[in-house]
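Try each task before reading its solution.

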Amino acid sequence: MEEGLSSLKQFALPVSKLASWVAAGAMVFGGVVPYIPQYRDIKRTQNAEGFSIYVCLVLLVANILRILFWFGRYFEPPLLLQSIIMIITMLVMLKLCTAVRVASELTTRRRAFTDFDLQYFWLWSRFVDYIQCVLAFTIVAAYVTYLLIDSSLFVETLGFFAVFTEAMLGTPQLYRNYENKSTEGMSITMVLMWASGDTFKTAYFILNQAPAQFWICGLLQVCVDITILFQAYYYDRYPQKPSSHTVPSTSTKAL
């Protein structure tokens with residue numbers, strides 16, 4: 001009997017480790033997967049109107065703050081690696097969206113980050129301007145963190161802002177859909193992956209006893225995802241405006 005229990009434990013240990021590695025891998029790369037269908041849609045149609053580039057802004061800010069939070073309060077390494085990979089992914093999305101948008105613009109006037117024109121903030125004509133903005137934000141945030149790293153109140157507030165900003169990920173897309181009275185051009189697959197990924201991520205936070213800020217904001221993120229999916233259902237069932245001919249319907253229904 002004891003030998004049987006010992007054999008069972010020996011078998012369960014590697015299975016448990018494997019499950020842990022799979023979960024960690026899903027955390028690291030799972031956040032990137034939803035953007036693959038959206039990237040392909042934009043690349044194929046050469047139209048980025050259905051995707052809000054403010055989603056990229058939200059995720060860049062959130063993940064930069066999360067990395068800085070790690071210096072004040074260590075958390076699971078997979079979450080740190082996830083932030084680095086997500087920053088790279090958002091920059092890739094921005095580069096594509098900027099190229100597509102500029103190519104379709106009729107005006108020859110170019111807008112730059114160094115113009116410091118708030119009216120065109122995050123609507124610049126060159127990808128390098130987004131890089132300049134991200135670097136400027138990172139340097140300022142890192143310097144403030146360096147000065148206040150010994151303050152537990154600052155560190156906890158930094159952690160809250162990092163995950164709360166990420167929880168607001170879907171709100172630019174939510175607002176864009178409301179403004180357009182349509183979800184045309186938005187990848188439903190992307191949002192479904194958001195919802196499933198955020199649900200998994202929130203459960204991961206709870207099971208691994210991550211700081212409370214992580215799982216509370218994770219629940220908020222799931223609620224936003226569900227609201228966007230409801231928008232997709234509502235605008236498909238009760239169209240508010242004629243469908244555009246510039247974006248094929250496969251971008252919203254076939255995916």
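The model is predicted, so local features need pLDDT of at least 70 and side-chain atom pairs count only at pLDDT 80 or more, while totals for chains, interfaces and linings use all residues. Residues are numbered from 1 along each chain as its sequence is written, and side-chain values use heavy atoms, with hydrogens and water left out.

**Exercise 1. Find the partners of Lys-201 in salt bridges, and say whether Lys-201 is buried or exposed.**

Step 1. Apply the criterion: a side-chain nitrogen of Lys or Arg within 4 Å of a carboxyl oxygen of Asp or Glu.

Step 2. Lys-201 meets Glu-166 at 2.9 Å, N to O. Glu-166 belongs to helix α6 and Lys-201 to helix α8, so this pair ties together parts 35 residues apart in sequence. (Helices are DSSP runs of H or I, at least four residues, and strands are runs of E, at least two, numbered from the N terminus.)

Step 3. Lys-201 also pairs with Asp-198, with the closest N and O atoms 3.4 Å apart. These two are three residues apart in helix α8, about one helical turn.

Step 4. Check accessibility, where buried is under 20% relative accessible area, exposed over 50% and partly exposed in between (1.4 Å probe, protein chains only). Lys-201 is buried at 6%, and Glu-166 is buried at 7%.

**Exercise 2. Which helix gives the largest share of the lining of the second largest pocket?**

Step 1. On a 1 Å grid over the protein atoms alone, a pocket is an open set of points where a 1.4 Å probe fits, with protein on both sides within 12 Å along at least five of seven lines; lining residues have an atom within 4 Å of a point.

Step 2. The second largest pocket has a volume of about 210 Å³, a volume being the space filled by probe spheres set on the points, which are joined across faces, edges and corners. Of its 20 lining residues, those closest to the centre include Asp-198 and Lys-201.

Step 3. Helix α8 supplies the largest share, six residues.
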